Amino acid sequence: MANLLVAVVAYLIGSISFAVVVSAAMGLSDPRTYGSKNPGATNVLRSGNKAAAILTLLGDAFKGWLAVWLVKHAGAAYGLDAFSVALASIAVFVGHLYPVFFRFQGGKGVATAAGVLLAIDPVLGIATAATWLIIAFFFRYSSLAALIAALFAPLFDLFMFGSNPVAGAIIAMSVLLVWRHRANISKLLAGQESRIGDKKGAPGRGSDGGGR
């Protein structure tokens, strides 16, 4: 029963779409109506409002961190264990991808996954985030950075901690993240993917821009 509650609460936390909430609060267009139509920080950035994009990024990362941190630091008193941490990790991530509050139309999970990894272990989260930043800085493709970070996250976890109950959740998140970026993979291969900072009305784009 306790683990069922963990899964439900984590999923509901993940279902808060900060791209939509922040955009509405700041009087911006719904991010599901322009650019890639993806409710994530990268697409919000196409509105030209950097503050909104940063708040979206931080909010999506925070909810991932919060769900896992609560289980790790308050769960022992309720008999929660590493399996519960893994369950919270995947549930909050799935909530972001398929939010019940927004007709199951969610983002692609990069920021939320980063928050989850930071809560699991700060070094693991920082190493994965650094991978994303390095690729994004040199190539300016959010989607490419996300895909490479997703591939490296399970490897970092295996190198640092070996086989552990949370590893399965990290692998599952990585697989789901790659799946959510399948359209971006096609556009990257075709040279049609939009870069970080492209405006929502940029001509000749119309790509599914790898938002978080």
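Leaving aside residues up to four places away in sequence, Leu117 touches Pro122, Leu124, Gly125, Thr128, Ala153, Ile170 and Met173, where contact means heavy atoms within 4.5 Å. The model is predicted, so local features need pLDDT of at least 70 and side-chain atom pairs count only at pLDDT 80 or more, while totals for chains, interfaces and linings use all residues. Residues are numbered from 1 along each chain as its sequence is written, and side-chain values use heavy atoms, with hydrogens and water left out.

**Exercise 1. Find how many residues the largest nonpolar core has, and which elements supply it.**

Step 1: settle the terms. A nonpolar core is a set of buried Ala, Val, Leu, Ile, Met, Phe, Trp, Tyr and Cys residues joined through side-chain atoms within 4.5 Å. Buried means under 20% relative accessible area, exposed over 50%, and partly exposed in between, with a 1.4 Å probe and protein chains only.

Step 2: count. The largest core holds 34 residues, and Leu117, Ile120, Trp132, Ile170 and Met173 have the most contacts inside it.

Step 3: assign. Two or more residues each come from H1 (2-14), H4 (50-74), H5 (82-97), H6 (110-120), H7 (122-139), H8 (142-161) and H9 (167-180). H5 gives the largest share, 7 residues. A second, separate core of 7 residues includes Ala19, Val22, Tyr34 and Ala52.

**Exercise 2. Work out where the buried residues of H9 lie around its axis, and what they pack against.**

Step 1: check the length. The expected span is 1.5 Å times one less than the number of residues. For the 14 residues of H9 that gives 20 Å, and the end C-alpha atoms are 20 Å apart, which agrees.

Step 2: list the buried residues of H9: Ala167, Ala169, Ile170, Met173, Ser174, Leu177 and Arg180. They cover an arc of only 160 degrees, which puts them on the same side of H9; the arc is that of the directions from the helix axis to the C-beta atoms.

Step 3: recall the geometry. An α-helix has 3.6 residues a turn, so residues three or four places apart point the same way.

Step 4: find the partners. The buried residues of H9 pack against H5, H6, H7, H8 and H10 (182-190).

**Exercise 3. Repeat the analysis for H1: which residues are buried, and which exposed residues does the opposite face carry?**

Step 1: H1 has 13 residues and reaches 18 Å from first to last C-alpha, close to the 18 Å expected.

Step 2: Val6, Ala7, Ala10, Ile13 and Gly14 are buried in H1. Down the axis of H1 its buried residues fall within an arc of 135 degrees, so they line one face of the helix.

Step 3: exposed Leu4 and Leu5 sit on the face of H1 turned away from its buried side, while the buried residues of H1 pack against H4 and H5.

Methods:
Helices (H or I, at least four residues) and strands (E, at least two) are DSSP runs, numbered from the N terminus.
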